[in-house]
Amino acid sequence: MRSEETMYKLFLDIANGDDRILAVYLNGSRTNVNAPKDIFQDYDIVFVVMETRSFIEDKDWICQFGNILYMQYPDEHPDYQSDKENFYGWLMQFDDGNRVDLHVESVTHAREHIGDDRLCRILLDKENVLPRILESTDADYYVKKPTEAQFRACANEFWWCSNNLAKGLWREEIPYVQDMANFVVRKQLEKMLAWKVGIKTNFTVSVGKSAKYLYKWLSKEEYQDYLHTYFDGTVEDAWRAVLCMCDLFDSTARYVAKGLEYVYDFDEAKVATAFLRHVKNLPKDAEGVYDDKD
């Protein structure tokens, strides 16, 4: 596997040998001192160029980066809009294990947008076409302290959408339950856990994409409880995980409410959890959700 030093030399050699390329900058995890270093880190490289068309039309120019196992042209996807004249990319997995997410970007576009992400470091600027930028930092990704309205909305969204989990599980619609659990309900749990981390760290850290760094700040037991909220393809395991998710959300919301001196709707949590448990025991031949009521 080519080393980091070898890869950076490759990028700069290519840029210095091509008059169309005016500057090079790096973004992503390799600019973040707080990101764990490992063999799967991508190289997120941007070449600032005079124009993009000649790069796009030359299908072979990317071969100089190495032997490509497989790749993606994200800006050629028929369902997504792109601005090829200003920004175009190649996502490449090489046979030595390295992955490079490479883009060419117009000078105008780079000048306007290089500061959008502070995880950025300029590697080369032949003609001083780029503005000065702040030192690379992940501060933009730190957990943000919620307003009380945001806190209450998160809790309400979690408990209200647990209703969808209940009916989906009673119907045994596992694909629907998986989707609702992971893309709606879990996102509220991630927020609440992130806010707990924020309180513990004075809102000076990032929990990463999909809250993947929660393990750094939660206790081992609490992190295991979080992992237990994932489930397999059975209704029984889904019920177990969903109820575990509710217990974890409730305890975390109480911690956050206390730490931020916000009001948490305990009654909402209580009745929503009771509804879930009721539906879990509801017979398949039930003529109503509550048979003893009109």
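**Fold, surface and the setting of T52**

User: To start, how many of the 294 residues in the chain are buried, as a percentage?
Analyst: In this predicted model, buried residues account for 45% of the 294 residues in the chain.

User: And how many helices and strands are there?
Analyst: The chain contains 8 helices and 6 strands. In sequence order, they follow the pattern α-β-β-α-β-β-β-α-β-α-α-α-α-α.

User: Is the chain a compact globule or more spread out?
Analyst: The chain is more spread out than a compact globule, because its radius of gyration is 25 Å, well over the 19 Å that the globule rule gives for 294 residues. The C-alpha trace spans about 80 × 40 × 35 Å along its principal axes.

User: What about contacts between residues at least 6 apart in sequence: how many join residues at least 24 apart?
Analyst: Of those contacts, 62% join residues at least 24 apart.

User: Switching to the surface, what does the accessible area come to?
Analyst: The accessible surface of the chain is about 16,500 Å², and carbon and sulfur atoms contribute 50% of that.

User: How many positive and negative side chains are there?
Analyst: There are 36 positive and 52 negative side chains. The centres of the two sets lie 5 Å apart.

User: Now T52. Where is its place?
Analyst: T52 sits in the loop between β2 (43–49) and α2 (53–57).

User: Buried or exposed?
Analyst: T52 has a relative accessible area of 3%, which is under the 20% cut-off, so T52 counts as buried.

User: Which residues does T52 touch?
Analyst: Leaving aside residues up to four places away in sequence, T52 touches K84, E85, N86, V104 and S106.

Terms used. Residues are numbered from 1 along each chain as its sequence is written. This is a predicted model: local features need pLDDT of at least 70, side-chain atom pairs count only at pLDDT 80 or more; totals for chains, interfaces and linings use all residues. Side-chain values use heavy atoms; hydrogens and water are left out. Helices (H or I, at least four residues) and strands (E, at least two) are DSSP runs, numbered from the N terminus. The radius of gyration is taken over C-alpha atoms; the globule rule is 2.2 Å times the number of residues to the power 0.38. Buried means under 20% relative accessible area, exposed over 50%, partly exposed in between (1.4 Å probe, protein chains only). Contact means heavy atoms within 4.5 Å. Accessible areas come from the Shrake-Rupley method with a 1.4 Å probe; for residues, only the protein chains shown count as cover. Lys and Arg count as positive and Asp and Glu as negative; His and the chain ends are not counted. The place of a charge is taken as NZ of Lys, CZ of Arg, CG of Asp or CD of Glu.
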